[in-house]
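This report describes the fold, packing and selected residues of one protein chain. The structure is shown first, and the description follows.

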Amino acid sequence: ASKLGMERAVSLTHPDLAQVYEWTYDSSGGRRISPEILDSLGPLGVATWLADDGTLGKRRYVIYTNRYPLADVERAAEWFRQRFGWSPRVSQHKPGRYVLVFPAAYYEPIRLVLLEQIGTVSCLRYKTGDRSFKEYAV
């Protein structure tokens with residue numbers, strides 16, 4: 001332990017993660033949503049993205065794509081249209097920060113993807129719209 005009571009851990013990076021890094025960051029270290037990363041997403045990957053960066057509201061579902069370039073957010077919107085038939089709108093959340101807004105018509109299809117993929121994970125159950133869960137596993 002250090003003087004501050006903190007531990008330091010070092011681990012090896014799996015070589016496959018180098019490819020994922022190339023798909024998600026540009027040469028200057030900026031975030032990006034590449035066609036390769038979108039095409040690699042299966043149902044669990046999509047559900048993880050929705051649960052991690054998304055908010056399920058009463059009349060819409062929003063994925064916060066902050067710090068991604070506008071062209072990449074537009075690419076993601078088109079990917080959702082082609083892959084799922086969902087038509088999100090790209091909206092500026094703050095200057096230079098964009099979100100994907102899915103209208104109410106997509107609430108139930110998105111909720112079903114979340115339920116199918118992560119619905120049994122109690123600490124993520126609220127992301128499915130199920131507000132009856134009071135206990136969250138840690």
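## Asp 72 and the basis of the model

Asp 72 is found in helix H4; helices (H or I, at least four residues) and strands (E, at least two) are DSSP runs, numbered from the N terminus. With a relative accessible area of 8%, Asp 72 is buried. Buried means under 20% relative accessible area, exposed over 50%, and partly exposed in between (1.4 Å probe, protein chains only). Setting aside neighbours within four places in sequence, Asp 72 is in contact with Arg 31, Arg 32 and Ile 33, where contact means heavy atoms within 4.5 Å.

The model is predicted: local features need pLDDT of at least 70, side-chain atom pairs count only at pLDDT 80 or more, and totals for chains, interfaces and linings use all residues. Residues are numbered from 1 along each chain as its sequence is written, and side-chain values use heavy atoms, with hydrogens and water left out.

## Overall fold

The protein has five helices and four strands. From the N terminus on, these elements run α-α-α-β-β-α-β-β-α. The C-alpha trace spans about 55 × 40 × 30 Å along its principal axes.

Of the 138 residues in the protein, 30% are buried. Among contacts with a separation of 6 or more, 50% come from residues 24 or more positions apart.

## Aromatic pairs

A search of the whole structure finds ten aromatic pairs. Rings of Phe, Tyr and Trp (its six-membered ring) pair if their centres lie within 6.5 Å; planes under 30 degrees apart count as stacked, over 60 as edge-to-face and the rest as tilted. The ring centres of Trp 49 and Phe 80 are 5.6 Å apart and the planes are at 35°, so this pair is tilted. Trp 49 lies in helix H3 (residues 43-53) and Phe 80 in helix H4 (residues 70-84), so the pair ties together parts that are 31 residues apart in sequence. Both Trp 49 and Phe 80 are buried.

Trp 79 and Phe 84 form an edge-to-face pair, at 5.9 Å centre to centre and 75° between the planes. Trp 79 counts as buried at 8% relative accessibility, whereas Phe 84, at 29%, counts as partly exposed. Ring pairs link Trp 49, Tyr 61, Trp 79, Phe 80, Phe 84, Trp 86 and Phe 102 into a cluster.

## Nonpolar core

In soluble globular proteins, nonpolar side chains tend to be buried together. A nonpolar core is taken here as a set of buried Ala, Val, Leu, Ile, Met, Phe, Trp, Tyr and Cys residues joined through side-chain atoms within 4.5 Å. The largest such core has 27 residues, and those with the most contacts inside it are Phe 80 and Phe 102. Helix H2 (35-40), H3, strand E2 (60-64), H4, strand E4 (97-103) and helix H5 (107-118) are the elements that give two or more residues to this core.

Not counting residues up to four places away in sequence, Phe 80 touches Val 46, Trp 49, Ile 63, Gly 85, Trp 86, Pro 88, Leu 100 and Phe 102.

## Helix H3 and its packing

H3 and H5 pack at an angle of about 115°, with their axes 9 Å apart. Axes are lines fitted to C-alpha atoms, for helices over the stretch in contact, and angles run from 0 to 180 degrees between N-to-C directions. The angle makes H3 roughly perpendicular to H5 (under 35 degrees is roughly parallel, over 145 roughly antiparallel, 65 to 115 roughly perpendicular and the rest oblique). Pro 43, Leu 44, Ala 47, Leu 50 and Ala 51 of H3 make the contact with Ile 110, Val 113, Leu 114, Gln 117 and Ile 118 of H5.

The buried residues of H3 are Val 46, Ala 47, Trp 49, Leu 50 and Ala 51. Their cover includes H2, strand E1 (54-56), E2, H4 and H5.

Asp 53 is also placed in H3 and is partly exposed, with a relative accessible area of 25%. Leaving aside neighbours within four places in sequence, Asp 53 is in contact with Val 62, Ile 63 and Tyr 64. Asp 53 and Asn 66 are 13 residues apart in sequence and 9.3 Å apart in space, C-alpha to C-alpha.

## Loop residues

Arg 67 lies in the loop between E2 and H4. Although not a glycine, Arg 67 has a positive phi of about 70°.

Ser 28 is found in the loop between helix H1 (15-24) and H2. With a relative accessible area of 65%, Ser 28 is exposed. Ser 28 and Val 46 are 18 residues apart in sequence and 26 Å apart in space, C-alpha to C-alpha.
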